[in-house]
Amino acid sequence: MGEQEKTDYKRLDTWDEDDRAISQMGYFSWRPKFLEVMNKPYTFVLTFGLTSFFSIMAFGILSLIIPTLEVVFNLNSKETGLILMANDLSGVIAAIVMANYCSGRKVRWIVLGTWIVVIAVLIPSSTTLMAEYPKPSPVSGNESSRASQRLPSMCSITNETDAVPRQATVNRMSGNGTGEGLWAVRNHRFYWLHVLGALLQGIGSTPPGIAGSTYMDEIFPQKAFGVAISVLYAVAFVGFPLSMIAGSFYLTFYVTLNPPEGLSPDSKEWIGAWWLGMVIPAGIVFALSWVLALFPRQMPAAKKVLEDKIRRGITTAYEKKTELNRSLKEITKDMIPAFRRLFKNWALNFLIIGDCFLFLQIGSYSFFPKIYSIIYRISPKMIGNILGPSKIISFVVGIVAGGIFIKRKTWKAKRLQLLYSILSLICIPFSFGILMYCESDTYAGVQSAYPVYPHNDTASGSLTAGCNRDCECNTASYEPLCDNGLVYFSPCHAGCRDVVMGEMTGSNGEKRPVVLKYTGCSCTESGEGTPGVCGTQCPGLLWGSIVITSIGTILNFAGFAAHAIIYQRVVSEVDRTMAQGIRQTATRLLGTLPSPLIYGWLLDQTCIVWKKTEDGTVGNCWVYDIDKFMMWFVASTTVLKVLSSVFYFLCWWCYPENVAHTFQEDTAGERIAKVLSYELLPQATANGTVDKGDANGDAASEGTANGDQ
C-alpha cells in the first residue's frame, strides 16, 4: 500500500482522537463518553426513521382532511390540489440548491430540514385560531315530536304567509346569520397560509430525503444496507396510513375543542379537529430532532465500510476525507462538472424518468380518502380506520420482504434493477381493484329529469324545474333525499314543504332530533322523500377492493429497498447526493408537482353540482359523476404505471458493468476528479519524477505498485 493511502487510513483510524466533532456524538464541543453507546448505525436508523415517521404523519393527514378543509375554507379541488402541489414546487428549488451542499455535513442538514417542517406545520394550523365557525340554529317547534313542521332547508314560497323568509333559508350551520355559507367564504382569506405551510414543508423535507439514505450508505456494508433501508422505509412509510387512523380519532373532537351545544360527531354539521393531527406529530418531530442532532458527521462504523469500498474500487480514502472537508466555495465550483457527468449517465436518466411517471400517478393517492368516501359512501373518519390498517400491513410486509430477500441474495445492482422492473410491471393489474365500487346514484335535474316535470333540460345541469322554481333554492348546502331510486339535491329542490321529525340517541348517549321523512314534495313521484342518498354501502365490494389493491401495494413496495440501493450504485461515490438532488428535482417538477393539480382538475371536470352561495361565490363540489371519473382515473394511472415500467427496463438494459469511477472517465469532470481522487494527483516518486497514478481509479490493492515507489 502506498504512503499516501497509508496516511489516509491513519487519518480514518484517528478521527475520534484528532477531531471529536467528526465521529463522537454531542453538541459542538460537548461530546461526553456516555453518549457513545448510542453511536451505532441502527440507532441512527431508528431515530431517523421515527423522525421521518412523525413528519409523514404531520402531513399525511392532509389527504384525509381535504373534505373538511374544502368546507371550512370554501375551497374547490383545484385549490386543494395547489396546496398539495406547493410543497413539491418549493422542493424542486430546494433540491437544486441543496443537492451538492448536503454531501458534507449530512446530519446537520437533516436536522435543519426537520425544524423547517415543524414551522411548516404551525403556520396552517394557526388558522384554526383565526377562522370563523358556524353555530347550529335550532329547529323551530318541538323537535322531538313527530308532527309536521318547517325546516330552513325546505321549499319556501314567498307569497305564503307562513313561509320562511328567503334570507332565512339557510343551512343549519348558518354562522352569524348573515347568509348561507358566508362564514366559509370569509375563511377563504386564510387559504394562502395553507399554501405557505406547504411551500415550507417542501423545503424542509428535501435535506432528509437527499442526505438520509446517503449517510446510511456510509455506515452500513452493502449486505446490511438493504435491510437497514427496509427498516427505515417500514418505520417511515407507516406514518402515512397511521395518520389516517389517528386522523379518524382526531376528527371525533370538534375543531375548537369546545363543541356547540346539541352537536355530536354523528351530526352532519360536525367539523372535526383536523389540526390536531398535524400539531401533535410536529411536536414529537421537534423533540426527536435534538436527538438526531447528537449524531456525528461520520460514525466510527463508517471506517470499515469505507475500507471495503476502497478494496472494491468504489472510492478512495482521500476522496472521502475531501468530501467531508470541502468548503462551500469548492462545492459550488464542482456543481457544473457533476451535472455534466450525471446527465451522461443513461442508466440514471432512465431511472429518473421512470420515477417521474411513477410519482405522477402517486399524486392521486392524496385524493384517495375523498374518492373512497364518495364511491363507498363512508365518512372520512371511517376511511381512516379502514384504509389505515390495510396500508400499514401492505407497506410493512412488502418492504420487509424485499429487505430480507436482498440480504439473502447478494445480487449486483443491475440484477436488482431487473427485479424492480418486473415487480413494477406485475403490480399494475392489481390497481384495477378500485373499480369494485358501489353503484352510483342518479340525481334529479342533472342526470335524470324530474318525474313530475319530465321536460326540464338535464343537459344544462340545472337543478331548477317548474316544480321547484318558486322555491328559490340554491346549492349552498347539500341535504340529499331519496324517492323511488332518484336522489334530490335538497328538500328545497324536491319542493318539500313539511317534515316529520323523530329522535335518536347519539354515540355520546344524548338524544337529538332527526328527520324521518319529508312530505308535501311537489317534485317527487310519491310526494314524499327520505333523508339521504338512495344507494347503500357495499362492504363486500369495499373489502374486495382493499384486498386486491393491497396485493399490488405489497409487490410494489417489495422493490423499494432494491430501488434505494440502485440509486447509490448507479453513480460514483462522490456523486451520490447530487444524484439524489437531481432525482428529487425531476420527480417533483415532472411528477408530484403537477399530479395533484391534474387529478384535482380531473375530479372537478366530473362535478355536476357546485356549491354556490347567495352572493354567487363558487365553492367546493357537492356531487360528482362517479362513473366518468373512475373511467378516466383508472385509465390515466394505468398508462403512467406502464410508462414507468418501460423506463425501468431501459435503465436495466443500459446499466453499465462498472460505474464506480465514471466520474474519472468523464473528460468534462477531469478537474473535479483531480481534486477528489488522489490517484489522479501528481505523485512524487523516489527518483523525483512525477507519477500521475492509475487514471482508471482501480482498487487500492491494484495501485500499490505506483504508490510504493
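**Close-up views of a predicted model**

Glu 218 is buried, with a relative accessible area of 3%. This model is predicted.

**View 1. Glu 218 and Lys 106 form a salt bridge.** The closest N and O atoms are 2.8 Å apart. Glu 218 belongs to helix H10 (residues 191-219), and Lys 106 to helix H7 (residues 106-125). The pair therefore ties together parts that are 112 residues apart in sequence. Lys 106 is buried too, at 1% relative accessibility. This contact is one of four salt bridges in the structure.

**View 2. Arg 583 meets Asp 355 in a salt bridge.** The N to O distance is 3.3 Å. Arg 583 sits in helix H24 (residues 576-592) and Asp 355 in helix H18 (residues 346-362), so the pair links parts 228 residues apart in sequence. Both Arg 583 and Asp 355 are buried.

**View 3. A salt bridge joins Asp 441 and Arg 377.** Their closest N and O atoms lie 3.3 Å apart. Asp 441 is in the loop between H21 and strand S2 (481-483). Arg 377 is in the loop between helix H19 (368-375) and helix H20 (380-408). The pair thus ties together parts that are 64 residues apart in sequence. Both Asp 441 and Arg 377 are buried.

**View 4. Helix H21 covers residues 413-426.** H21 has 14 residues. From first C-alpha to last, H21 reaches 20 Å, close to the 20 Å expected at 1.5 Å a residue. Ala 413, Leu 416, Gln 417, Tyr 420, Ser 421, Leu 423 and Ser 424 are buried. They cover an arc of only 165° around the axis, which puts them on the same side of H21.

Note on methods:
Residues are numbered from 1 along each chain as its sequence is written. This is a predicted model: local features need pLDDT of at least 70, side-chain atom pairs count only at pLDDT 80 or more; totals for chains, interfaces and linings use all residues. Side-chain values use heavy atoms; hydrogens and water are left out. Helices (H or I, at least four residues) and strands (E, at least two) are DSSP runs, numbered from the N terminus. The expected span of a helix is 1.5 Å times one less than its number of residues. Buried means under 20% relative accessible area, exposed over 50%, partly exposed in between (1.4 Å probe, protein chains only). The arc is that of the directions from the helix axis to the C-beta atoms. A salt bridge is a side-chain nitrogen of Lys or Arg within 4 Å of a carboxyl oxygen of Asp or Glu.
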